[in-house]
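Please take a moment to look through the sequence and the model before reading on. The report below follows a few contacts, within chains and between them.

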Amino acid sequence: MAKLDTTRRGVLATGLTGTFLFAFHLPVRAFTEPEEAPDSTQGKFAPNAFIRIDRTGKITLVMPQVEMGQGVYTSIPMIIAEELDADFAQVAFEHAPANEKLYANPMLGVQATGNSNSVRAWWKPLRTAGATAKAMLVEAAAQQWKVDPASCTAANSVVTHTASGRKLAYGQLVDAAAKVAPPKNVTLKDPKDFVLIGRRVKRLDTPNKTDGKVVYGIDAMLPGMKFATIEASPVLGGKVAQVDQAAAMKVPGVEKVIVLDDMVAVVGQHFWAAKKGLEAANVTWNDGANAKVNSAQIWNELRAASRKDGLVAKQRGDAAKALGDGEKVEAAYEMPFLAHATMEPMNCTVQLKPDSCEIWLGTQIMARVQSTAAQLTGLPPEKVIVHNHLLGGGFGRRLEPDMALKAIRVAQHLNGEPVKVVWTREEDLRHDVYRPVYRDVIQASLKDGRIKGWKYKVSGSSVVARWLPPAFTGNHDIDFDTVDSAVDTPYDLPDFRVEVVRCEPPGVTTGFWRGVGPNNNVFAIECFMDELAKKAGKDPVQFRLDHLHGSPRHQAVLKLVAEKSGWGSPLPERVGRGVSVQPSFASYIATVVEAEVDHDGEVRLRRVTCAVDTGIAVNPDTIEAQLQGGLIFGLTAALYGDVPIKHGRVQLSNFNDYRMLRIDQTPPIAVHVVKSAEPPGGIGETGVTAGPPALRNAIFAATGIPLRRMPVDREVLAGRKQA
Amino acid sequence: MREWYLGRSHTMRRILIAIAVVVAVIVAAGLWIVTGPGPLAFAQGEKVALSDYKGADPTGVPASLKTASLVERGAWLAKAADCEVCHTAKGGTPYAGGFAFTLPFGTIYSPNITPDKETGIGNWTDAQFLNAVHKGLDDEGQHLYPAMPYASFTRITDADALAIKAYLFSLPPVHADIPDNTLRFPFNQRWLMGVWNLFFAADERFRPDTAQSPQWNRGAYIAEALAHCGECHTPRNLAFALDNRRKFAGEVNAGWRAYNITNDSATGIGAWSDNQLFDYLSSGHAMGHGTAAGPMGEAVDQSFSRMPPEDIHALVAYLRSIPAETSDLPALAPPAPASPKEGVAIADARGKEIYEGACASCHSWTGISAITPYATLTGARAVNDPGGGNVAQAVIAGVHRSSLDGDVAMPSFGAAYSDAEIAAVANYVTARFGARPSNLTAHDVAALRKAVAQPD
Amino acid sequence: MTTLHINGEEKTFDAPPDTPLLWVLRDVLGMTGTKFGCGIAQCGACTVHVDGKPVRSCLLPVSAVGDRAVTTIEGIGATDAGARVQKAWLALEVIQCGYCQSGQIMSAAALLASTPHPDDSDINAAMAGNICRCGTYVRIREAIKRAAGEREEAKNG
Ligand code: FES
Ligand code: FES
């Protein structure tokens with residue numbers, strides 16, 4: 001039997017060699033073969049799908065990944081421009097069109113942005129693309145000068161013949177370069193020669209974000225556009241019962257009420273009219289089969305499932321035997337549903353005509369929006385044109401096409417006018433795909449301060465099974481995301497077993513949420529490590545170091561964060577420091593949170609320190625920003641994030657009850673980036689994973705209370721409720 | 001020995017005297033309580049039976065509805081009497097009952113008054129219905145609890161009560177079982193209510209006052225019979241009966257404080273103009289006096305806002321005649337300074353933190369909203385109430401009201417903010433925008449939540 | 001027809017009087033720089049200035065604006081404080097997805113206009129109503145201080 005490798009890296013690598021991706025017919029190109037650029041027009045040098053240079057020397061790079069704040073519209077241009085030796089000041093970007101062939105993410109196999117892998121996945125291919133284009137430009141110059149290309153150099157968008165000092169700018173070379181055959185093999189730069197990568201380069205997407213010029217999907221404006229808002233069944237599977245259409249039509253500015261099976265839309269002259277019209281319509285629902293679903297039932301089912309044996313995701317040694325050796329410790333951790341709450345609420349603009357469908361939105365999945373829209377409209381995919389935009393937050397929510405499909409269903413009832421469908425925040429929170437509830441049961445045995453046996457069983461929904469079924473079935477029904485950092489733990493655990501139980505919650509659709517599977521795995525493991533350390537009478541940092549002999553990079557960041565955070569120095573009453581270490585997304589991170597818990601159980605964040613080794617830091621400034629932001633995102637969830645369900649309905653309305661950390665609660669956050677020559681790791685989601693366990697351990701240190709459920713329950717910390 | 005005896009006899013006598021005094025005080029207090037005046041006693045003109053009254057009929061529906069059908073008239077009267085608010089569970093079908101009244105000695109659930117024959121009042125005769133409205137008796141003659149304001153409703157005319165019945169019987173019957181009350185002994189002994197009624201619930205229809213104008217009498221009928229203002233606004237005595245000696249001087253009910261609506265200018269509504277009173281009743285908001293929330297917000301939304309202007313004017317005229325009573329509330333504070341750094345500081349920094357994040361965007365640092373006068377805190381009685389309870393309740397539940405100018409909403413913060421946080425922000429708000437800071441604790445807020453809690 | 005003074009220009013349009021200014025700006029006038037985030041004054045994404053004071057346009061009825069001057073993100077760069085804030089925002093690379101940042105910049109510009117040397121507590125009071133889901137708060141704080149400092153440099157220099 002083939003050896004199972006169920007790490008995210010393993011599965012994705014397998015995917016690349018053909019198992020599940022084949023099922024999708026989504027071949028990933030070798031980028032040394034230049035693609036024909038989709039719009040290779042006269043007067044432009046377009047050596048592949050990513051690079052266009054015009055006669056003025058302006059370089060336009062086509063972004064295969066989408067920008068949702070993570071800085072990829074700067075880091076990807078940096079990677080290309082580095083090998084292209086382009087003048088970065090002349091670089092502009094363009095959103096890629098939907099084209100799975102040209103722009104599929106090499107690690108995911110689909111045109112999607114997620115999993116913190118944009119830089120990881122494109123590192124090699126885009127450097128190669130840049131280097132190839134440069135070689136062609138140099139060749140063109142050399143031909144003109146009739147010299148050996150090897151005697152020429154390129155820098156800042158200029159080719160120079162070293163011996164004669166002759167120079168030609170890229171803009172002057174575009175016509176000639178377009179005729180040069182691309183070289184088969186190019187050599188990439190030695191990282192020590194990088195001039196852009198590793199510098200705190202200014203972002204390309206931010207200037208327009210300071211003066212209102214930026215256009216997100218929600219800002220799409222078209223002549224003759226209508227505005228709509230929708231209310232979908234609050235219970236999954238429910239149907240519209242009654243709609244007061246007349247009342248809605250009476251609202252000034254309302255033009256149309258569209259009543260569908262499971263959704264009502266009001267179309268008007270502006271969003272306000274549509275919203276008021278929808279309120280006046282006073283829609284009632286037949287709730288259907290999920291009418292009685294509630295949080296307690298979901299938890300009961302999950303707890304029952306977590307008592308079953310799971311599928312083995314990974315094992316080594318003999319965990320069962322080792323668990324009998326020494327003092328046995330067990331704990332179960334429970335994680336809530338979470339909503340994404342991207343700052344830009346869900347929206348999509350559609351213009352549907354008999355023979356075409358144009359879509360304006362911000363999405364992490366261009367090609368899937370195109371293909372599902374084609375399915376829904378019955379149009380051939382090439383008649384579906386998707387205009388992507390900058391995203392006002394993605395966080396995994398925009399890995400779904402639902403906002404586009406709903407907007408198309410509205411447009412199907414109009415006469416070809418463009419319609420912008422904007423969801424209210426309430427609709428956005430109630431019709432999310434939620435981060436699954438998880439229950440993690442970990443058992444370990446301790447002997448002489450060391451962990452002997454280790455058994456980790458995670459129970460929860462499989463997002464991959466819904467989102468990319470072949471990746472689930474192709475992996476023996478084990479969702480690599482659910483067990484990601486459980487199988488990939490950095491600790492020295494010779495007798496080790498990871499099991500997974502799939503348990504789908506009734507009436508709730510689950511989805512990817514920034515930090516995905518590792519959020520849950522790292523939380524459980526890091527909380528448990530603190531509990532083990534306490535049992536063993538060891539300092540939490542020391543206890544971890546004792547079990548990190550197999551991972552020097554983790555050791556290094558842990559030591560660094562301990563030093564920078566003042567680990568071990570005295571603290572006031574009811575203040576604690578907590579640490580977490582994580583392997584996720586191929587970045588090595590250690591974090592310390594310092595927090596205070598008052599007698600009412602209220603938690604105040606005092607300070608966060610983070611040390612990160614993410615390999616080559618393409619743009620260290622972006623890495624620091626992503627960690628700061630990710631930590632806040634994760635800490636917000638740890639303190640407040642929950643999605644209660646009652647009567648089949650999500651019990652959330654807006655930011656008043658789906659609470660966000662605010663600036664006055666945000667502590668200083670120091671990020672220390674370690675210099676490294678290793679290939680870059682992922683960064684966009686890592687901070688989210690890092691925050692909650694470190695906070696929970698800080699609370700443990702401050703109060704002695706080992707919280708085992710998220711979010712932080714202030715009643716428990718105040719001693720008014722059992723943990 | 002003798003001295004001891006004498007001493008003892010002396011002591012005995014002293015004890016006896018003391019007992020006699022105590023008994024006398026109790027009896028006097030009892031008499032004082034049971035002989036309390038009725039709600040209209042303050043108006044000293046002669047009260048006559050409605051049939052003997054010469055002025056325009058103060059009862060019934062407004063003029064515009066005089067010729068409407070019985071059911072339509074009943075619908076208006078049911079709104080005026082605010083039946084729906086108490087007879088509807090949270091999120092439930094109107095009039096199907098199940099609303100919980102949480103009292104110190106247990107919980108009472110309002111009954112289903114849809115015409116369902118099994119769980120509602122579908123089998124009730126007119127006489128049974130009148131008995132309930134006027135005497136607080138159910139169809140089997142069992143005593144209702146005075147959560148049903150029959151001590152006020154007794155003044156409703158038979159004709160009006162039966163119009164309400166006709167309206168209720170026009171509704172679709174809803175089969176809805178209501179949870180059993182959970183009152184503790186002795187409060188679960190319904191017969192005791194009979195004794196209480198003897199003293200505190202006269203069985204008497206509205207009697208107009210001949211010395212007052214027809215407008216005043218219309219206002220009195222609406223206020224005392226239909227809208228039952230006193231049930232919330234009049235303090236209760238030891239026997240939980242309305243103490244009309246301090247009529248409308250304010251009282252705490254079900255977790256909310258109903259404020260002094262007498263003509264005292266510092267602590268009541270004496271300083272309000274007629275227009276302000278009119279605005280407040282008809283729209284739930286008066287410039288400079290804040291916005292109705294909680295039960296008063298419901299009364300406005302469900303009842304007063306649907307009354308014609310002449311009825312609101314009648315109510316204003318009636319309220320203007322209520323004798324001033326002072327209450328223990330401070331005079332209203334002026335606006336707070338524009339700078340968050342100036343103004344009253346309180347020790348707990350959390351209150352300010354919550355305010356700056358979740359509240360200041362609407363309510364501003366001065367308390368005068370830059371968005372809508374509905375959100376202005378300055379001048380609102382709730383923020384000038386050192387109890388702080390109403391502020392906390394508004395934070396917990398939000399304010400959801402429909403007004404003629406569109407919907408007015410303050411979101412509810414009760415789900416995501418802890419008791420300690422809500423206490424802190426209420427204390428901050430009363431300190432900054434009110435006359436004296438409240439001193440709520442997490443424990444108090446938990447009790448406030450409990451007082452308004454409704455079953456799922 | 002209603003006329004508003006926006007960024008120094010007169011704009012005339014037709015909208016029901018209860019329409020919040022936000023939707024007049026975005027959907028009627030096509031000025032999409034001002035953002036919708038919550039509609040209940042909890043996030044600050046829709047912040048504009050009315051006579052220089054920060055106001056949540058998602059709840060401000062257009063009829064309540066009257067002839068007061070409205071400034072939006074599209075026009076804030078023309079003010080001294082606004083220009084300094086924009087510059088500091090880019091210098092410190094505050095922005096991530098950017099969706100909240102119109103509101104953040106408007107709130108920060110109003111703060112600097114009224115409080116030239118804000119300390120942390122001033123920053124908290126002025127900025128806590130603005131949510132940033134990307135969590136750019138640490139840099140927002142730094143950037144406000146930098147923008148405040150720049151005026152000093154300009155004066156001293
Ligand atoms: S949209 Fe106005 S504050 Fe959120
Ligand atoms: S930058 Fe994305 S919400 Fe603030």
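In this predicted model, the side chains of A:Lys447 and A:Asp325 meet in a salt bridge, with 2.9 Å from N to O. The pair links distant parts of the chain, since A:Lys447 lies in strand β19 (residues 438-447) of chain A and A:Asp325 in the loop between α10 (319-323) and β14 (327-335) of chain A, 122 residues apart. A search of the whole structure finds 70 salt bridges over all chains, and two of these are counted between chain C and chain B.

| Salt bridge | N to O distance |
|---|---|
| A:Lys447 and A:Asp325 | 2.9 Å |
| B:Lys341 and C:Asp119 | 2.5 Å |

Where chain C meets chain B, 15 residues of chain C are in contact with 13 residues of chain B. The area buried between these two chains is about 1,200 Å², of which carbon and sulfur atoms give 54%.

Within chain B, helix α4 (residues 126-135) and helix α6 (residues 158-170) pack at an angle of about 115°, and their axes are 10 Å apart. α4(B) is therefore roughly perpendicular to α6(B), and the crossing of the two helices is right-handed. On the α4(B) side the contact involves B:Asp126, B:Phe129, B:Leu130, B:Val133 and B:His134, which meet B:Asp158, B:Ala161, B:Leu162, B:Ile164, B:Lys165 and B:Leu168 in α6(B). Sorted by class, the contact of α4(B) with α6(B) has seven nonpolar, one polar and three charged residues.

How values were computed. Residues are numbered from 1 along each chain as its sequence is written. Chains are lettered from A and ligands numbered from 1 in the order in which they are written. This is a predicted model: local features need pLDDT of at least 70, side-chain atom pairs count only at pLDDT 80 or more; totals for chains, interfaces and linings use all residues. Side-chain values use heavy atoms; hydrogens and water are left out. Axes are lines fitted to C-alpha atoms, for helices over the stretch in contact, and angles run from 0 to 180 degrees between N-to-C directions. Helices (H or I, at least four residues) and strands (E, at least two) are DSSP runs, numbered from the N terminus. Angles under 35 degrees count as roughly parallel, over 145 as roughly antiparallel, 65 to 115 as roughly perpendicular and the rest as oblique. A crossing is left-handed if the near helix is turned anticlockwise from the far one by less than a right angle, and right-handed if clockwise. Contact means heavy atoms within 4.5 Å. Ala, Val, Leu, Ile, Met, Phe, Trp, Tyr, Cys and Pro count as nonpolar, Asp, Glu, Lys and Arg as charged, and the others, Gly among them, as polar. Buried area is the accessible area (1.4 Å probe) that two parts lose on being put together, summed over both. A salt bridge is a side-chain nitrogen of Lys or Arg within 4 Å of a carboxyl oxygen of Asp or Glu.
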